[in-house]
Amino acid sequence: MNKSRVTSMQVAHKAGVSQSAVSRVFTPGGSVSDKTREKVMRAAESLGYSPNVLARAMTTGRSQIIGLVVAYLDNQFYPEAIERLAVALQEQGYHALVFMATPTIGDTDDVMRQLLDYQVDGIVLASVSMSSSLASKCEDHGIPVVLFNRDQDDARMSAVTTDNIEGGRAIARHFAEQGAQRVGYVAGFEGASTQIDREKGFLQGLEEAGLSLAMREVGGFEYPLARTAALEFCAGRDRPDAVFVCNDHMAFAFVDAVRHKIGMRIPEDLLVAGFDDVPIAAWPAYDLTSYRQPINRMVAQTVDVLLAQIDNADIPARKLRLEGELIVRGSTGGPSQRQG
């Protein structure tokens, strides 16, 4: 037999308070005395009551739900980022509703249309983009959008990223300091702003050091493609002596292929650097030099910007680029984790 759902009216009757008092207790920031709150919570617990969030959204105009759209979940950077974003939002009285998407705009738009049905108060796009038409729809509905670890040329959308250009430049400088002469680059998904900016900075850094890019392959932010790129780089006699791989996820694939398929030594035969500095980069198996994204600051700024725009729709969008840090390890001849 199906058990009927407990209503707020039943809770109010048991607690001896009004239904509006029950509503205020379960509304973040609602004004209610400690005594009333205690009575309501005690009654709700005894009855097994839980508030209907979507019904409350119809009444208050706020669902306290943030839509979080993410791609590349196999990239170790994003599970950590999603967890921290969800926790940071919960601390502010919001909950994250996670949707998976692919990096192409058309597929993202399909997901976003579904997401809008949940009457979310705001949206965070983690390394995915959206079309201008859908951005206009969000704007028309008063739903702010913040891009996390991605940017696009749309002044209506805020974005929080690492300074990817400076990150690429720092890796190029490091290779030059290590004496590299024949340098390669493994690109991510060509349409991603992170890929574009990291390569731009890398090329600038090489030029400043009197070097040029000798080899380039596309890994598309995918492990299998990055392995293939490694095999292509090392198939002939003109092998590179240093390679920047656009993110750590691909760099792990590159290192695996170079060591186990080709038999080259890192860093003796080849210097390898990644980007993100996910925890696995520090494992002795990889000991990977990587440009560290300031994930805690990125999450904090994303939440701050989004909630500010929820509270005041007239606040203009912001584009924030945060400084990261190059972490030098054994894959480029730095201090090895095996020795420490």
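# Briefing: strands, crossovers and backbone details

In strand β2, A96 is the bridge partner of I66. That pair belongs to a parallel pairing: six bridges join β1 (residues 65–70) to β2. The link between these strands passes through helix α5 (residues 77–91), and this β-α-β crossover is right-handed. The model is predicted.

**Overall picture**

- The protein chain holds twelve helices and twelve strands.
- Its C-alpha atoms fill a box of roughly 80 × 45 × 35 Å, taken along the principal axes.
- The chain has 340 residues, and 51% of them count as buried.
- Consider the contacts with a separation of 6 or more: 70% of them come from residues 24 or more positions apart.

- Strand β2 spans residues 95–100 and includes V98.
- V98 has 42% relative accessibility.

**β8 and its two partners**

- Strand β8 covers residues 242–245. A242 and F244 point one way from it, while V243 and V245 point the other way. All four names belong to buried residues.
- One partner of β8 is strand β6 (residues 183–187), joined to it by four bridges. The two strands run parallel.
- Within that pairing, V183 has A242 of β8 as its bridge partner.
- The pairing of β8 with β9 is parallel too, and it has three bridges.
- Here V243 stands opposite V272 of β9.
- β8, α11 and β9 together form a β-α-β unit, and the unit is right-handed.

- The peptide bond joining I266 and P267 is cis, with omega about 15 degrees.
- P267 sits in the loop between α11 (248–262) and β9 (271–276).

- N149 is not a glycine, yet its phi is positive, near 60 degrees.
- The loop between β4 (145–148) and β5 contains N149.
- N149 has a relative accessibility of 3%. It is classed as buried because that value is under 20%.
- D287 also has a positive phi without being a glycine, at about 50 degrees.
- D287 lies in the loop between β9 and β10 (289–292).
- The relative accessible area of D287 is 1%, so D287 is buried.

- T161 lies in strand β5, which spans residues 158–162.
- With a relative accessible area of 6%, T161 is under the 20% cut-off and therefore buried.
- Neighbours within four places in sequence are left aside here. T161 is then in contact with N149, R150, D151, M298, L320, R321 and L322.
- N149 in that list is the buried residue with the positive phi.

Key
Residues are numbered from 1 along each chain as its sequence is written. This is a predicted model: local features need pLDDT of at least 70, side-chain atom pairs count only at pLDDT 80 or more; totals for chains, interfaces and linings use all residues. Side-chain values use heavy atoms; hydrogens and water are left out. Buried means under 20% relative accessible area, exposed over 50%, partly exposed in between (1.4 Å probe, protein chains only). Two strands pair if DSSP finds at least two bridges between them. A crossover is right-handed if, with the strands pointing away from the viewer, the path from the first strand over the helix to the second runs clockwise. Contact means heavy atoms within 4.5 Å.
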